[in-house]
Amino acid sequence: MKSDSLTMPNDQKNSRRSLEQSQAWLKRAEKLIPGCSQTFSKGPTQFMQGVAPNFIAKAKGAHVWDVDGNRYLDYILGLGPIILGHGYPAVQEAVIAQMENGLSYSLPHTLEVEVAELLAELIPCAEMVRFAKNGSDVTTAAVRVSRGFTRRDKVACCGYHGWQDWFIGSTSRNLGVPEAVRKLTVTFSYNDLAALHRVFHDHPNEIACVILEPVTFNLPSAGYLEGVKELCRKNGALLVFDEVVTGFRIDLRGAQGYFGVTPDLACFGKGIANGFPLAAITGRAEVMRLFTEVFFSTTHGGEALSLAAGLTTINEMRSKDVIGHLKKVGQKLKDETNRLAAQHGIARNVECAGLPAWTTLRFCDAEGKASPALRSLFQQEALKRGLLTHGNHMLSFSHDDAIIEFTLRAYGEIFAILAEALGNNSVEQRLESAALQPVIRQST
């Protein structure tokens, strides 16, 4: 797709951007909103203060504008939901047309059936479908229905699955989660079948389901997903794929179609409706029918504007080969980023990893350990050059070759700075605010 006429920020060349209004809004937010944001990953602790905007005013295509009028190339994309581009015309038109007829009704709307039919056509496991608004809704629904189906209480999980008690209690962010609930979730490491085998061995006939992200930035080793499925089958547990991120970003069939492994249940969200709040749990009819007894009921699950956006988004992706576009530009960005890192002599410190449509930059110190300081310096310099990023690359249909070329030119400048800082051991001294820390810290 051709990007909009606003392809490149033209005011970013290392100049100090005005953030006066952003700081003023942050002070207002601090008085009323804990964390100043509704989402940890969008809050001020995740951006280098002094160079980062704190509030966005508008967005179009692959760009966003902050409240001071500064423009940025967006590699966060609302944490992933924007897959076609901000304000994508066909989606906006579909939503406006539906708005004329209402958005929330006292009975189901036909769009619920249409979108369910479309998902069932695309997704291998989707014999039946239920809708919700975000990923935490549907991963929690998957856990509840799995417990109802198996009559077991414990869950084995790998990856990130949202804010609800059953999962977040297993992380360092477990304040407020009762210990009794925390004990019902067991974690295991990705790409380690022996670890999952131990889970079943240590909790015989207790695991209701295994829920995992089928892929993030590490590809599954040969036979891994197949092995997980077989362990679930042998031990009477359901297999749940959390495809909230992977769904429709790497394949219109989901990661399950891409890798050829069909789970019992799968959860989708971020790639469905181009930013409109829509999520879905899909799966085997035998399990899904239990939702007539297992309580999963939301006022806005059938909200029609998001369903109209979802129907249009998926049809646009099918007709325009959005997946092919994301793969092409993403592969170029990944390969050239790694080439630039090697060119600047920092390939051991900076690596672009993951599938093309969703990659991350890994930052390591001289000993090969993750370096928050180096990641922070990268983000600081990226923001100065008009790139809004956490260090990941979420891509949309609006990210075209010109945008990738601009990004790579910026990376050339940034990597030169990183190389110099690494060479004279001055990474932390170059930071203009405190180094970034992960939202969820690894347990020690």
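User: Which residue in S12 is the bridge partner of valine 350?

Analyst: In this predicted model, valine 350 has phenylalanine 363 of S12 as its bridge partner.

User: What makes strand S11 and strand S12 a pair?

Analyst: Strand S11 (residues 350-353) and strand S12 (residues 358-363) are joined by four bridges and run antiparallel. S11 and S12 form a hairpin with four residues between them, and glycine 354, which lies in the turn, has a positive phi of about 115°.

User: How do you know that S12 also pairs with strand S14, and which residue stands opposite tryptophan 358?

Analyst: S12 and strand S14 (residues 392-394) are connected by three bridges in the antiparallel sense, and since at least two are required, this too qualifies as a pair. Within it, tryptophan 358 stands opposite methionine 394 of S14.

User: Is S12 enclosed or exposed, and how do you know?

Analyst: Five of the six residues of S12 are buried, so this strand is largely enclosed by the rest of the structure. Buried here means under 20% relative accessible area.

User: What makes strand S4 and strand S6 edge strands?

Analyst: They belong to an open sheet of seven strands, in the order S4-S10-S9-S8-S7-S5-S6, with mixed pairing. Strand S4 (128-132) and strand S6 (185-187) are its edge strands, as each pairs on one side only. Neighbouring strands of this sheet are turned against each other by 20° on average, with direction ignored.

User: In what sense do strand S9 and strand S10 pair, and over how many bridges?

Analyst: Strand S9 (residues 265-268) and strand S10 (residues 279-283) pair in the antiparallel sense, over four bridges, and leucine 265 stands opposite glycine 283 in S10.

User: How do you know where the buried residues of helix H2 lie around its axis?

Analyst: In helix H2 (residues 89-99), the buried residues are Val91, Val95 and Gln98. Seen down the axis of H2, they fall within an arc of 65°, so they line one face of the helix. On the other side of H2, Glu93 and Ile96 are exposed, and what covers the buried residues includes helix H3 (110-122) and helix H11 (304-320).

User: Why are cysteine 157 and cysteine 209 called buried?

Analyst: The relative accessibility is 1% for cysteine 157 and 0% for cysteine 209. The limit for buried is under 20%, so both residues are placed in that class.

User: Which residues touch the most other members of the largest nonpolar core?

Analyst: Of its 105 residues, Phe188, Val210, Leu212, Phe248, Phe415 and Leu418 touch the most other members. Helix H14 (residues 401-423) gives the largest share of this core, ten residues. Leaving aside residues up to four places away in sequence, phenylalanine 188 touches residues including Cys157, Leu196, Val210, Leu212 and Tyr224. A second, separate core has 26 residues, among them Val138, Val143, Val287 and Phe296.

User: Why is serine 41 called partly exposed?

Analyst: Serine 41 has a relative accessible area of 26%. Buried needs under 20% and exposed needs over 50%, so serine 41 falls in between. Serine 41 is found in the loop between helix H1 (20-32) and strand S1 (56-60), where it touches Gln46, Phe47, Leu79, His390 and Val439, not counting residues up to four places away in sequence.

User: What makes the phi of asparagine 191 and of aspartate 321 worth noting?

Analyst: Most residues other than glycine have a negative phi. Phi of asparagine 191 is near 65° and that of aspartate 321 is near 50°, each a positive value in a residue other than glycine. Asparagine 191 lies in the loop between S6 and helix H7 (193-202) and, at 29% relative accessibility, counts as partly exposed. Aspartate 321 is found in the loop between H11 and helix H12 (322-343).

Methods: Residues numbered from 1 in each chain as written. Predicted model: local features only at pLDDT ≥ 70, side-chain atom pairs only at ≥ 80, totals over all residues. Heavy atoms only, no water. Buried < 20%, exposed > 50% of the residue type's maximum accessible area, 1.4 Å probe, protein only. Helix = DSSP H or I, 4+ residues; strand = E, 2+ residues; numbered from the N terminus. Arc of directions from axis to C-beta. Contact = heavy atoms within 4.5 Å. Core = buried A, V, L, I, M, F, W, Y, C linked by side-chain atoms within 4.5 Å. Axes fitted to C-alpha atoms, helices over the stretch in contact; angles between N-to-C directions.
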